[in-house]
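Take a look at the chain below.

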Amino acid sequence: MGKTTRKSVKTTRTAEPPPEAVPTPELEVFGPDPLAERLRGLVGGFIEQLVAEELEQVLHAPRYGRPGDGAARAGYRHSVRTRELTTSVGTTRVRVQRARLFNEEGEPTVEWRSELLPRYARRAKAVDDGIVMAYLSGANSRRIRGALKPLLKDAPLSKSAVSRVVRHLKQSFDEWRGQRFDEKRIAYVFLDAISVMVRADRRVQRMPVLVALGVHETGEKELLGLMLMQSESSASWAAMVEDLAARGLGAPMMCVIDGNAGLRSAIARTWPQTKVQRCVVHKLRNLEAHCPKRALDDLRRDFHGITEAKSEKAARAAYAFFVRTWTPRSEGVVRSLEEAGSELLTHYSFPSSQWKSLRTTNCIERLQGEFRRRIKTQASLPSESSLLYLFYALYASGQIRMRRIDGWQDIAKAIVKHQPERLQQAA
């Protein structure tokens, strides 16, 4: 048979037209925002109005008007300056009235400076706060500018501008860390630690941040100190307490602490006359670790009978009952309770209106809770310094609000009983 040849048929494909371009979600997200454009114009006018009202109060006279109610004029307006201000809705132009104030000789030679809009301010505080928080989260200058670009639109945000904002935070932190306490009258001090993951010595490790929180004689709370340490050793807590004392913090009436033995000994050496209250929440956790699960409800009921009694006498009776009841059930529970001893009852010697605030370190737990909420999406913080800066920034910026302790009106009664010399010094 002869071979059959197969003809190859060459087919030509016609090119398909390209699909129509579909806008990406990113373009839709970063597209123009009519609402933001309208807000930008309104913000500028509102800022001008606020600054004008501020100047009117300083001069004691409205524009084109005379001073009222017998007040003396403090100066004169003389020109208007146009400035660009970056806000969270972008850059807006602001016309700021200038003025000269009278000097001691009555001549208008002192240039007025607005407190609402400082002379060299180019960004609103909210923008600087955003820069700081992005930096503390580990972003560098380039990433910060990229992250804030959609909000700031075409507003200038140079590498040097980011550096200046961060440098200002560092300076503020250093000033706060070195502040003196000689003129501050601290009645109570709460001391506790928070454990966080942080990159140190080129590896991620868990380290404690030692926290000191003070309560003024007026009831207001103030963050006194932060220290990042390798551990909660006796030397670490001694460094914290000794630093507070070296900066002029006198012996408070009472310190509220957890069960750290090193911290207890540091207080005894530095402020021997200061009373100590052991945090009842920390102690209950310790007791629960020694208790069988089936008996936890009984344990909590009997322990609360000690810490939430109506009087010190009733608390001591509940303490004795606890020891009698639990000795045959769990020697470990009894030993743990007796380890704290009467320092679980110290708060009973203070006004009853303050017992709830003074028997735990919960006020520091409030700070720690907010701090943990801010870092919960991060596996670790990028550096030791950024950890302290973030903790301080949350406090200094007012994002963590702390109310007065319960019964602050009765702090004077506690001073009369425990430290009457403080009242004599105040008088």
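Helix α14 is mostly covered, with 10 of its 13 residues buried. The model is a predicted one. The buried residues of α14 are S386, L387, L388, Y389, L390, F391, Y392, A393, L394 and Y395. Helix α14 covers residues 384-396. At 1.5 Å a residue, α14 should span 18 Å. Its end C-alpha atoms lie 19 Å apart, which agrees. Just after α14 comes G398, with a positive phi of about 80°.

Now the whole chain. The protein chain has 427 residues, and 42% of them count as buried. It holds 16 helices and 8 strands. Take the contacts between residues at least 6 apart in sequence: 62% of these join residues at least 24 apart.

| Helix pair | Axis distance | Angle |
|---|---|---|
| α8 (residues 280-290) and α11 (residues 331-340) | 8 Å | about 160° |
| α6 (residues 234-246) and α7 (residues 261-270) | within 8 Å | roughly 35° |

Start with α8 and α11. They pack at an angle of about 160°. An angle over 145° counts as roughly antiparallel, so α8 is roughly antiparallel to α11. The crossing of α8 past α11 is right-handed. On the α8 side, the contact uses K283, N286, L287 and H290. On the α11 side, G332, V333, S336, L337, E339 and A340 take part. By class, the residues of this contact of α8 with α11 are 4 nonpolar, 4 polar and 2 charged.

Turn to α6 and α7. Their axes cross at roughly 35°. This crossing is right-handed. Helix α6 contributes S234, W237, A238, V241, E242 and A245 to the contact. Helix α7 contributes G262, L263, A266, I267, R269 and T270. The contact of α6 with α7 has 7 nonpolar, 3 polar and 2 charged residues.

Q354 sits in the loop between α11 and α12, where α12 is 355-358. Is Q354 buried or exposed? Its relative accessibility is 0%, so Q354 counts as buried. The cut-off for buried is under 20%. Which residues does Q354 touch? Leaving aside residues up to four places away in sequence, Q354 touches Y188, I405, D406, G407, D410 and I411.

How values were computed:
Residues are numbered from 1 along each chain as its sequence is written. This is a predicted model: local features need pLDDT of at least 70, side-chain atom pairs count only at pLDDT 80 or more; totals for chains, interfaces and linings use all residues. Side-chain values use heavy atoms; hydrogens and water are left out. Axes are lines fitted to C-alpha atoms, for helices over the stretch in contact, and angles run from 0 to 180 degrees between N-to-C directions. Helices (H or I, at least four residues) and strands (E, at least two) are DSSP runs, numbered from the N terminus. Angles under 35 degrees count as roughly parallel, over 145 as roughly antiparallel, 65 to 115 as roughly perpendicular and the rest as oblique. A crossing is left-handed if the near helix is turned anticlockwise from the far one by less than a right angle, and right-handed if clockwise. Contact means heavy atoms within 4.5 Å. Ala, Val, Leu, Ile, Met, Phe, Trp, Tyr, Cys and Pro count as nonpolar, Asp, Glu, Lys and Arg as charged, and the others, Gly among them, as polar. The expected span of a helix is 1.5 Å times one less than its number of residues. Buried means under 20% relative accessible area, exposed over 50%, partly exposed in between (1.4 Å probe, protein chains only).
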